[in-house]
Amino acid sequence: MVLLLLFLKSFYFESLCVGLWELRENFGRKMDDEYAKLIRRMNPPRVVIDNNSCEDATVIQVDSVNKHGILLEVVQVLTDMNLIITKAYISCDAGWFMDVFNVINYDGNKIRDKEVIDYIQRRLESNASFSPSLRDSVGVMPSEEHTSIELSGTDRPGLLSEVCAVLTDLHCSVVNAEIWTHNARAAAVVHVTDDSTGCAIKDPKRLSTIKELLCNVLKGNDDLKTANMTLSPPGVTNRERRLHQIMFADRDYERVEVDRLGGLENKKSRPNVTVLDCSQKDYTVITMRSKDRPKLLFDIICTLTDMQYVVFHGMVNTGRMEAYQEFYIRHVDGLPISSEAERERVVQCLEAAIERRAYEGLELELCTEDRVGLLSDITRIFRENSLCIKRAEISTKVGQVKDTFYVTDVTGNPVDPKIIDALRRQIGHSVLKVKHNSSISPKPPQETTMGFLFGNLFKARNFQSFKLVRSYS
């Protein structure tokens with residue numbers, strides 16, 4: 001009995017100590033969070049938008065207290081405003097965030113509209129955080145206006161047509177969607193409403209049926225990976241950010257055999273990503289050279305942030321067709337990349353981030369009045385004409401549809417112009433238009449040699465202090 005009492009006393013004392021330790025840890029974390037919030041309130045972001053200092057771009061300077069993910073927040077604001085970043089200088093060291101971005105609009109002009117400038121300034125100075133944690137790769141998220149369906153699975157010709165047919169049969173109307181394919185994988189974020197009420201679908205049984213049937217479509221007959229569908233909690237997440245997260249979780253960065261990929265996706269068009277060690281400054285240096293395109297910086301910063309890396313210094317420089325980027329990074333624990341496996345993984349993930357929406361092919365734009373089953377009919381017609389949809393953006397506003405499709409033939413090669421002519425006759429020349437055909441674009445200019453941006457910043461080192469670790473092209 002005495003031994004039992006001593007045991008119980010010891011057990012109670014140990015449990016009490018553990019409880020007090022956990023209480024202290026939780027209290028300490030809460031105090032740290034409150035202190036960080038106080039510092040940010042005392043030092044709100046300062047944004048300067050200048051149209052005078054640069055001849056061909058609007059210069060946006062952002063100074064703020066540094067925190068993990070702030071670079072992505074700023075770049076996402078600029079991306080959401082459909083601004084093209086032509087140059088950027090990034091410095092996030094010593095607890096302070098000081099970045100400069102040269103931006104233009106899609107027409108290649110400066111931002112001169114005062115309302116737009118004021119809105120950009122308000123967004124950047126609001127200090128709002130929208131960097132959610134990585135969730136499961138697929139799910140259904142109801143909101144007040146629509147139900148958000150997230151999908152991932154093995155890509156195959158006609159997949160989008162099958163998904164749209166299922167949604168139409170289930171009386172779901174697609175109001176917005178974005179679909180990406182890369183490396184034999186496919187991902188989509190689809191916003192749907194009930195086709196009779198125009199409201200979000202909230203009935204649990206109906207949502208369960210939608211998930212079950214879509215999961216069957218995604219699995220297919222010879223799926224490399226089993227499609228996993230889960231019910232995710234509601235949340236506000238940038239759609240493009242979610243697509244990066246879904247494809248990253250689906251490990252689309254792992255290369256598959258060449259004969260599974262389309263003819264237009266060849267090694268010549270792959271980005272060049274290089275990882276180096278800066279031993280004297282304890283940074284890992286990443287350089288990237290690729291074809292320039294809108295939202296390129298956003299895609300790269302998304303991936304680095306989700307991989308838990310922090311950009312301390314960096315630069316972005318774009319030419320007529322080529323973009324060069326250089327970042328000095330560490331992991332969130334303060335350490336540079338140390339293992340060969342992690343270096344190779346970083347290279348693969350950054351290549352995937354650049355490639356996911358860098359597809360080269362035929363761009364088709366569909367503009368017409370919305371109706372129930374329209375997207376299902378259009379994608380069925382594409383499938384019947386042996387077109388493979390590699391990427392798509394679906395948008396519906398005030399009863400008008402504006403959809404963009406990037407297509408190839410089923411082998412991944414350019415589409416026969418005769419097929420496009422027949423397609424436009426069937427759908428309507430005024431409804432379906434050819435916007436761009438990158439397979440006949442002019443060749444990019446010859447590469448030029450660029451040195452490291454921070455050669456003067458790190459005067460203490462010489463080039464021998466950089467050790468070339470891994471380079472893929």
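**Salt bridges and nonpolar cores**

The structure holds 26 salt bridges. Keep in mind that this is a predicted model.

Start with a local pair. K114 forms a salt bridge with D118. Their closest N and O atoms are 2.9 Å apart. Both residues sit in helix α3, which covers residues 114-125. They are four residues apart, about one turn of the helix. How exposed are the two partners? K114 counts as exposed, because its relative accessibility is 59% and the cut-off is over 50%. D118 has 28% relative accessibility, so D118 counts as partly exposed.

E150 forms a salt bridge with R242, and the closest N and O atoms are 2.7 Å apart. This pair links distant parts of the chain. E150 is in strand β6, residues 147-154. R242 is in helix α6, residues 239-249. Buried or exposed? E150 is at 0% relative accessibility, so E150 counts as buried. R242 is at 2%, so R242 counts as buried too. The cut-off behind both calls is under 20%.

E393 is partly exposed, because its relative accessibility is 30%. R391 is buried, because its value is 6%.

Next, the network. Which residues does it link? E240, R293, K295, D299 and R357 are linked by salt bridges. If you have the model open, select those five and look at them together.

On to the nonpolar side. In soluble globular proteins, nonpolar side chains tend to be buried together. In this model, the largest nonpolar core has 50 residues. Which residues have the most contacts inside that core? They are I60, L78, F101, L124, I286, L304 and F327.

Take L304 from that list. What does L304 touch, leaving out residues up to four places away in sequence? The answer is I286, Y309, V311, F327, I329 and L350. Two of those names, I286 and F327, are also on the list of residues with the most contacts inside the core.

To recap. K114 and D118 pair up within helix α3.

Conventions
Residues are numbered from 1 along each chain as its sequence is written. This is a predicted model: local features need pLDDT of at least 70, side-chain atom pairs count only at pLDDT 80 or more; totals for chains, interfaces and linings use all residues. Side-chain values use heavy atoms; hydrogens and water are left out. A salt bridge is a side-chain nitrogen of Lys or Arg within 4 Å of a carboxyl oxygen of Asp or Glu. Helices (H or I, at least four residues) and strands (E, at least two) are DSSP runs, numbered from the N terminus. Buried means under 20% relative accessible area, exposed over 50%, partly exposed in between (1.4 Å probe, protein chains only). A nonpolar core is a set of buried Ala, Val, Leu, Ile, Met, Phe, Trp, Tyr and Cys residues joined through side-chain atoms within 4.5 Å. Contact means heavy atoms within 4.5 Å.
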